[in-house]
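Please load the model in your viewer and keep a selection panel at hand.

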Amino acid sequence: MQDNTKLNPMKKKLTLFALSLLLVMGLSAQDYKGNIFGIKAGYVSSWATSYGVASSSIPTASIGISDQIMLSYYYPFYLDLGLEFTGKGYAISGYEPSRTNLWYAQIPVGISYHISMDRDLTIEPSVGGYYAFGALGFRRHDEHMSNVFADGSTKRHDAGIGCGIAFIFQHVSLGLNYRKGLLDIDKSDPIYGDNNTKLGYKHLRNHYVSATIGYNF
């Protein structure tokens, strides 16, 4: 016959351990904010690729708002949403030099994981994508200025993928991001022609890196 007096203390210890673990997990979950709203602005270095060849980069900027929504009660995964006004573009030197500036209203969507290092520092790696609609676009070529969205040479729609990392010091955020366009933004190749594979205005895709500073409420 089995002696239950030896098992009961063990069962009690396991039960207390399980309850303590659940309590700690519950208390840890309370440290995560369910919704984080922020504003940010930053420096952008943008370029384009055509047939795998990269153009020269140009400096521009971005400004926007962000909203992070917690996806898990126990693990700090967040859905990252936002609205940005982002400058992109590229420069071509040598034969037929030109400079193109493109400004987009952009909607980023991603997933981030918040790693709390201490009470004052959180590290947030992220991956995601974006959709952008061209609002303004100008090209300077041979001292002439043209509106590339209005003249039919450039598409207004852009979309792509990217990754980034942010460092949050209390409420101040510092971020680094890379974005790679997946859509051809050109409609025609007015300089080099449709059958030329030089870096021109055919099969162009946006790329950029950005460094941002912001404030989370």
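Select His-114 and, leaving aside its neighbours within four places in sequence, show what is in contact with this residue (heavy atoms within 4.5 Å): Ile-36, Gln-68, Pro-76, Tyr-78, Thr-122, Ile-123 and Glu-124. The model is a predicted one, in which local features need pLDDT of at least 70 and side-chain atom pairs count only at pLDDT 80 or more, whereas totals for chains, interfaces and linings use all residues. Residues are numbered from 1 along each chain as its sequence is written, and side-chain values use heavy atoms, with hydrogens and water left out.

His-114 sits in the loop between β5 and β6 (115–116), where strands are DSSP runs of E with at least two residues, numbered from the N terminus. With a relative accessible area of 7%, His-114 is buried (under 20%, using a 1.4 Å probe and protein chains only).

Next, display the polar contacts (N or O atoms within 3.5 Å, one able to donate a hydrogen and the other to accept it; residues adjacent in sequence count only if both atoms are side-chain atoms). The side chain of His-114 makes one with the side chain of Ser-112 at 3.2 Å and another with that of Gln-68 at 3.4 Å.

Now turn to the largest cavity, which holds about 600 Å³ of space (a set of points on a 1 Å grid over the protein atoms alone where a 1.4 Å probe fits but cannot get out, with lining residues having an atom within 4 Å of a point; the volume is the space filled by probe spheres set on the points, which are joined across faces, edges and corners). Of its 41 lining residues, select Lys-40, Asp-80, Glu-84, Asn-177 and Arg-179, the closest to the centre.

Methods. 1 Å grid on protein atoms, 1.4 Å probe; cavity = no way out; pocket = protein on both sides within 12 Å on 5 of 7 lines; lining within 4 Å. Helix = DSSP H or I, 4+ residues; strand = E, 2+ residues; numbered from the N terminus. Buried < 20%, exposed > 50% of the residue type's maximum accessible area, 1.4 Å probe, protein only.
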